[in-house]
Amino acid sequence: MKKKVFVFDLDDTLYKEIDFLKSAYREIADWLSASFHVSDAYDYMLSCYQRGENVFLNTNEKYNLQIELSEYLTRYRGHVPHISLLEEVRQVLYQLKIENDVLGIITDGREITQSNKIAALGLEEYIQRENCIISECFGYSKPALEAYLFFQNKYPDCIYYYIGDNVDKDFIAPNKLGWTTVCLLDNGMNIHKQRKVDVQKSPLYFISSLKELLVL
Ligand SMILES: [Mg+2]
């Protein structure tokens with residue numbers, strides 16, 4: 001029987017990115033409190049985000065601060081997040097691991113930010129670090145084929161799966177390569193909303209929980 005290779009997207013697939021955002025706002029609010037004696041910035045930033053406003057610009061205005069936006073962004077992207085895997089996600093990864101399947105990640109983003117997330121989620125317990133492909137250091141981002149070919153070349157003659165959430169970019173390359181593509185449906189909490197797309201962008205399967213992977 002052929003070996004299976006399961007490659008996952010990170011944000012809004014293995015955990016909800018809104019949790020990272022909240023963690024970053026918490027960190028920034030603590031810093032504003034300690035350095036500028038600003039209180040309740042966390043609730044204010046979150047409400048700005050929910051209204052679709054420019055969070056950091058508004059925060060400067062509301063609290064009469066002159067902080068560079070780049071300073072906020074550096075803290076947002078570079079903070080060590082307090083995020084964790086859902087128990088059901090942990091169980092799925094554990095199950096795949098004990099079945100001896102190969103596990104990997106292909107994620108777009110900055111090396112520091114995505115590496116911090118991978119470490120905070122404890123994903124290295126299930127997925128080898130060298131199988132975690134982060135676009136900034138790998139040199140290609142989705143929908144390029146390269147990251148997917150990395151897995152095909154490293155593990156030839158297997159059955160390949162890509163599990164993601166972004167119908168605009170996650171499934172184009174693996175569809176071309178004949179992988180089984182699986183989209184985790186938005187439960188209403190995703191940062192990037194899912195819309196209807198044409199067939200070359202569409203996944204083969206939609207699932208509402210990663211647990212469904214075990215019965216595909
Ligand atoms: Mg995603």
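Donors here are the N, O and S atoms within 2.8 Å of the metal, and water is not among the atoms, so a site may look incomplete. With that in mind, this predicted model holds a magnesium ion whose donors follow the spacing D-x1-D-x153-D along the chain. The residues behind that pattern are D9, D11 and D165, which coordinate the magnesium ion at 2.1 to 2.2 Å. D9 and D165 each use OD, while D11 uses O. As for how hidden they are, D9 and D11 are both buried.

Now for the overall layout. The protein chain is assigned two parts: domain 1, made of 4-16 + 83-215, and domain 2, covering 18-78. Where they touch, domain 1 puts in 10 residues and domain 2 puts in 7 residues. Taken over C-alpha atoms, the centres of domain 1 and domain 2 sit 30 Å apart.

What does the meeting of the two domains look like? About 800 Å² is buried between domain 1 and domain 2, and carbon and sulfur atoms give 59% of that area. On the side of domain 1 that touches domain 2, there are 5 nonpolar, 2 polar and 3 charged residues. Salt bridges between domain 1 and domain 2 come to 0, whereas 4 residue pairs are in polar contact across the two domains, with both partners at pLDDT 80 or more.

Notes
Residues are numbered from 1 along each chain as its sequence is written. This is a predicted model: local features need pLDDT of at least 70, side-chain atom pairs count only at pLDDT 80 or more; totals for chains, interfaces and linings use all residues. Side-chain values use heavy atoms; hydrogens and water are left out. Donors are N, O and S atoms within 2.8 Å of the metal (3.2 Å for Na, K and Ca); water is not among the atoms, so sites may look incomplete. Buried means under 20% relative accessible area, exposed over 50%, partly exposed in between (1.4 Å probe, protein chains only). Domain bounds come from an automatic or database domain assignment. Contact means heavy atoms within 4.5 Å. Buried area is the accessible area (1.4 Å probe) that two parts lose on being put together, summed over both. A salt bridge is a side-chain nitrogen of Lys or Arg within 4 Å of a carboxyl oxygen of Asp or Glu. A polar contact is a pair of N or O atoms within 3.5 Å; within protein, one must be able to donate a hydrogen and the other to accept it, and residues adjacent in sequence count only if both atoms are side-chain atoms. Ala, Val, Leu, Ile, Met, Phe, Trp, Tyr, Cys and Pro count as nonpolar, Asp, Glu, Lys and Arg as charged, and the others, Gly among them, as polar.
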